[in-house]
Amino acid sequence: MSTVHVIDVNSGNLQSLSNAITSLGFKVEFITQGSDPALETCSKLILPGVGNFGHFVLQLHERGFVEPLKKYIASGKPIMGICVGLQTLFQGSEESEGVEGLSLLPGYLVKFDVTHKSVPQIGWNSVSLKSHEESANALYGISEDKRYYFVHSFAAVRTPDEITKLYETGWDLALCTYLDETFIAAVAKNNIFATQFHPEKSGKAGLKVIQSFLTTEKYSHVELHSANAAKTDTGLTRRIVACLDVRTNDHGDLVVTKGDQYDVREKSGDGNNVRNLGKPVEMAEKYYNQGADEVTFLNITSFRNSPVKDLPMLEVLRLAAKTCFVPLTVGGGIRDVTDPDGTKHSALEVASSYFHAGADKVSIGSDAVRAAEEFYENGNRGSGNSPIETISKAYGVQAVVISVDPKRFYLSDPSTCKYKTIKTSIPGPNGEEYCYYKVTSQGGRQIHELGAVELVVACEALGAGEILLNCIDKDGSNSGFDFELINMVKSSVTIPVIASSGAGNPQHFVDVFNNTKTDAALGAGMFHRGEYKVSDVKEFMTKHGLYVRNDNTDL
């Protein structure tokens with residue numbers, strides 16, 4: 001079995017990359033110091049990274065990687081960079097002023113313009129290829145027909161003239177357009193290959209890219225075929241997220257459950273037992289194979305009596321990450337905790353355990369409410385110690401999702417309300433024409449003196465990179481999403497929003513994308529009960545002209 005060496009500077013979810021490489025029949029060995037002799041003897045090297053450009057580059061310097069990396073590249077042996085691994089090839093990034101990259105590529109990275117689109121860019125986008133057909137250079141199976149998973153705020157945005165100049169110096173390029181900005185999605189020249197997207201999280205299309213690099217299969221031209229629907233303005237597909245609520249049942253088994261209005265108990269049949277809809281790892285793999293763009297695990301019991309190192313969700317993630325090559329999010333219990341033996345762990349430590357097990361993002365709920373309350377009490381400033389701040393600082397804003405559970409309240413006079421209000425098309429029980437949303441926690445049981453908009457605005461300022469927007473009034477109703485809530489929140493932040501709660505059939509997904517500017521939509525019970533497959537939803541959306549990723553099984 002051939003060995004692939006991966007540089008590890010403790011930047012992001014390397015377990016998923018390791019799983020992807022292993023699934024292709026290779027052995028993985030990590031290199032953590034530039035002095036490791038393996039850097040001189042290895043034949044294939046991968047340089048992955050996520051999060052802050054400056055942190056990543058400084059880690060390369062502190063661990064003595066810079067000169068050995070330059071020597072390795074000069075030797076002509078193949079190297080593949082992923083995400084920040086690609087960004088490091090440039091001169092620098094405005095994300096980290098004064099920190100110099102490897103300068104193998106000219107120019108600097110800039111932050112996406114937030115004027116008309118969500119930042120970070122999170123989701124599946126297509127690419128166009130600019131390749132020297134007659135050369136031996138390759139883009140390793142990257143295809144204009146496939147969609148790849150991007151998650152980043154900074155990019156090598158380039159003008160047409162700059163792209164032409166780079167191409168004329170011998171670089172093969174994959175280009176991606178995010179609304180009105182075109183950036184470099186991948187580069188290849190001689191022994192250097194790098195992608196801004198995450199191939200290990202891009203389903204079977206991404207696995208093909210990794211396999212092509214590892215086996216040195218070379219492709220110089222791929223014919224473009226018609227897309228199955230009109231592209232979105234941003235270029236991103238409509239993301240469908242499959243969500244699994246995970247808890248222990250009365251027999252101690254780990255199960256996926258789903259209840260009406262957060263009640264997970266059976267009301268008939270076997271009495272009052274926890275509703276068991278299946279095993280989390282098996283169901284996650286099923287949804288991945290059906291074409292889910294992401295899988296989210298929400299731990300709704302927190303497993304309070306487990307030491308952090310033995311949390312059941314860690315094993316769920318380890319196993320799921322071996323067969324699900326799309327982004328995995330885990331929520332529940334991402335906070336400062338104390339083990340039964342008295343050992344204390346910070347929220348950052350808990351999150352790190354999940355990232356190392358295979359998670360790409362963590363979802364924070366109740367602690368986000370507390371952080372937002374403190375933010376306003378402190379004059380719209382963070383303390384620096386909240387889970388949002390500490391985790392996003394270490395792993396990047398794209399790694400932190402805020403789970404919001406708002407509840408609708410009606411009123412007749414908006415001037416009497418201190419929260420953001422809207423004029424509603426659904427009048428209240430006494431004919432009220434206005435409404436607002438208060439934040440809840442503990443499954444809707446506790447209502448906070450904090451508005452939904454006020455919460456998400458604070459969390460974005462603290463470092464959150466995405467909003468998972470639930471709705472207490474809609475959860476378990478199978479009546480469709482709350483468009484007014486979604487538009488209200490989406491217009492208040494620049495980061496992506498995932499619409500959740502209320503999906504009962506494929507039409508609801510068509511409706512939410514047509515009536516809101518949501519970046520993604522989440523389904524749970526309708527998938528768990530077997531009423532619809534994820535592929536059913538995507539096929540229905542395609543028939544209604546919505547741009548989705550349908551290429552997980554057609555390689």
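## Basis of the model

The model is predicted, so local features are given only where pLDDT is at least 70 and side-chain atom pairs count only at pLDDT 80 or more, whereas totals for chains, interfaces and linings use all residues. Residues are numbered from 1 along each chain as its sequence is written, and side-chain values use heavy atoms, with hydrogens and water left out.

## Overall make-up

The protein chain holds 17 helices and 27 strands, where helices (H or I, at least four residues) and strands (E, at least two) are DSSP runs numbered from the N terminus. Of its 555 residues, 59% are buried; buried means under 20% relative accessible area, exposed means over 50%, and partly exposed lies in between, with a 1.4 Å probe and protein chains only.

Among contacts in the protein chain with a separation of 6 or more, 71% join residues 24 or more positions apart, a contact being heavy atoms within 4.5 Å. The accessible surface of the chain comes to about 21,700 Å², and carbon and sulfur atoms account for 47% of that surface; these areas come from the Shrake-Rupley method with a 1.4 Å probe, and for residues only the protein chains shown count as cover.

Helix 9, which spans residues 312-320, has Met313, Leu314, Val316, Leu317 and Ala320 as its buried residues. Seen down the helix axis, these buried residues fall within an arc of 160°, so they line one face of helix 9; the arc is that of the directions from the helix axis to the C-beta atoms. As background, an α-helix has 3.6 residues a turn, so residues three or four places apart point the same way.

Helix 8 (residues 280-290) packs with helix 9 at an angle of about 35°, and their axes are 9 Å apart; the axes are lines fitted to C-alpha atoms, for helices over the stretch in contact, and angles run from 0 to 180 degrees between N-to-C directions. In this pair, Pro280, Val281 and Ala284 of helix 8 meet Val316, Leu319 and Ala320 of helix 9. The residues of this contact divide into 6 nonpolar, no polar and no charged, where Ala, Val, Leu, Ile, Met, Phe, Trp, Tyr, Cys and Pro count as nonpolar, Asp, Glu, Lys and Arg as charged, and the others, Gly among them, as polar.

Isoleucine 82 is found in strand 4 (residues 79-83) and counts as buried because its relative accessibility is 1%. Leaving aside neighbours within four places in sequence, the contacts of isoleucine 82 include Leu17, Ile46, Leu47, Phe197 and His198. Isoleucine 82 and leucine 47 are 35 residues apart in sequence, and their C-alpha atoms are 6.2 Å apart in space.

Serine 93, in strand 5 (residues 92-93), is buried with a relative accessible area of 3%. Not counting residues up to four places away in sequence, serine 93 touches Phe53, Tyr108, Leu109 and Phe154.

## Backbone geometry

Most residues other than glycine have a negative phi, and most peptide bonds are trans. Cysteine 83, which lies in strand 4, has a positive phi near 60° and is buried, with a relative accessible area of 3%. Asparagine 380 also has a positive phi, near 65°, but is partly exposed, with a relative accessible area of 47%; asparagine 380 is found in the loop between helix 11 (366-377) and helix 12 (387-395).

The peptide bond from valine 119 to proline 120 is cis, with omega near 10°, and proline 120 has its place in the loop between strand 6 (108-111) and strand 7 (121-125).
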